[in-house]
Amino acid sequence: MRQGILLLALFSMGCMRTPRSPPVPVEDDRSITFPAYADADVVTVQPSQHPVVLEGVLLRALMIATQDFLPPASKETPCQHRPEAQRYQVMRQGDLFFIHISEDPTACGKTYPALDSGAWYAVDKAGRIRRRVLDGMPDAPVEVRTSGGDSERVPAEPGVAPALDSVWNDPSLPWPEALRDGGPGEAPSTGRDAG
């Protein structure tokens, strides 16, 4: 009887699945500056040529950033949103891992990646995301010139690019110079004329 109960308990524990870990809270520590480097400075690791050793804390930081950036994997997940369709650049400075995740278009048979399809992460050794900046979003609050000629920082709602938030929520402000694409030589437009 005891062996039966023990066997049933072991079998039940074997069937239990660990639930998906809750998302890691994202801090926004503006004192953290992401490193700047040229493509020529990046070293591509080729595990087929030499063995590669990854520290456990580095692997955990990569996993945390990847799980935050990409949706949970399923059969319906599009190719460009899968972990194997990304490029990962990692640099360690002290207790912080700086990770840039960007789409690898060749993994899905494309020539070019989607616009602003990556993100920068600063993950500490304890596994906390200390800072996250999506590609295409300003690294700091955008300064907008007011009608008096002064410049002021414009905060944005979470998830909204500060420059766009300031433009759409205050029609008296002109389109920020930094967001103009140059166009074919026409006068800049605020984008509000249509409709």
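## Burial and the overall fold

A residue counts as buried when its relative accessible area is under 20%, as exposed when that area is over 50%, and as partly exposed in between. F34 has a relative accessible area of 13%, so F34 is buried. The model discussed here is a predicted one.

The protein chain has 195 residues, and 25% of them count as buried. Its secondary structure consists of three helices and six strands. Read from the N terminus, the order of the elements is α-α-β-β-β-β-β-β-α.

## The nonpolar cores

The largest nonpolar core has twelve residues: L58, A61, L62, I64, A65, F97, I99, I101, A119, Y121, V123 and I129. The element that gives the most is α2, with five residues. Another core lies apart from this one; it has seven residues, including I32, F34, F98 and W120.

V123 is one of the members of the largest core. Which residues does V123 touch, leaving aside its neighbours within four places in sequence? V123 is in contact with A61, D95, L96, F97, I99, R128 and I129.

## The aromatic cluster

A pair of aromatic rings is described by two values, the distance of the centres and the angle of the planes. In this model the count comes to two aromatic pairs. In one of them, the ring centres of F34 and F98 are 5.9 Å apart and the planes stand at 80°, so the pair is edge-to-face. This pair links distant parts of the chain: F34 is in the loop between α1 (2-15) and α2, F98 is in strand β2, and 64 residues separate them. F34 and F98 are both buried.

The other pair joins F34 and W120. Here the centres are 5.4 Å apart and the planes are at 35°, so the pair is tilted. This pair, too, links distant parts of the chain, with F34 in the loop between α1 and α2 and W120 in strand β3, 86 residues apart. Is W120 buried or exposed? W120 has a relative accessible area of 17%, so W120 is buried. Together, F34, F98 and W120 form one aromatic cluster.

## The largest pocket

Rolling a probe the size of a water molecule over the atoms shows where empty space is left. The largest pocket holds about 820 Å³ of space. The pocket is lined by 28 residues, and those closest to its centre are V45, L62, Y88, Q89 and V90. L62 also belongs to the largest nonpolar core.

Two elements, α2 and β1 (86-93), each supply at least two residues of the pocket lining. What is the lining made of, by class? The lining has 21 nonpolar, four polar and three charged residues.

## Two residues of strand β1

Q86 lies in strand β1. The relative accessibility of Q86 is 7%, so Q86 counts as buried. Leaving aside neighbours within four places in sequence, Q86 is in contact with F69, L70, Q80, H81, I101, S102, E103 and D104. One of these, I101, is a member of the largest nonpolar core.

Q93 is also placed in strand β1. With a relative accessible area of 42%, Q93 is partly exposed. Leaving aside neighbours within four places in sequence, Q93 is in contact with P35 and F98. From C-alpha to C-alpha, Q93 and P35 are 9.2 Å apart in space, while 58 residues apart in sequence.

## The loop between β2 and β3

T106 is found in the loop between β2 and β3. The relative accessible area of T106 is 56%, so T106 is exposed. T106 and Q86 are 20 residues apart in sequence, and their C-alpha atoms are 9.7 Å apart in space. Q86 and C108 are 22 residues apart in sequence, with a C-alpha to C-alpha distance of 9.9 Å.

Methods. Residues numbered from 1 in each chain as written. Predicted model: local features only at pLDDT ≥ 70, side-chain atom pairs only at ≥ 80, totals over all residues. Heavy atoms only, no water. Core = buried A, V, L, I, M, F, W, Y, C linked by side-chain atoms within 4.5 Å. Buried < 20%, exposed > 50% of the residue type's maximum accessible area, 1.4 Å probe, protein only. Helix = DSSP H or I, 4+ residues; strand = E, 2+ residues; numbered from the N terminus. Contact = heavy atoms within 4.5 Å. 1 Å grid on protein atoms, 1.4 Å probe; cavity = no way out; pocket = protein on both sides within 12 Å on 5 of 7 lines; lining within 4 Å. Points joined across faces, edges and corners; volume = space filled by probe spheres on them. Nonpolar A, V, L, I, M, F, W, Y, C, P; charged D, E, K, R; others polar. Phe/Tyr/Trp six-rings, centres within 6.5 Å; stacked < 30°, edge-to-face > 60°.
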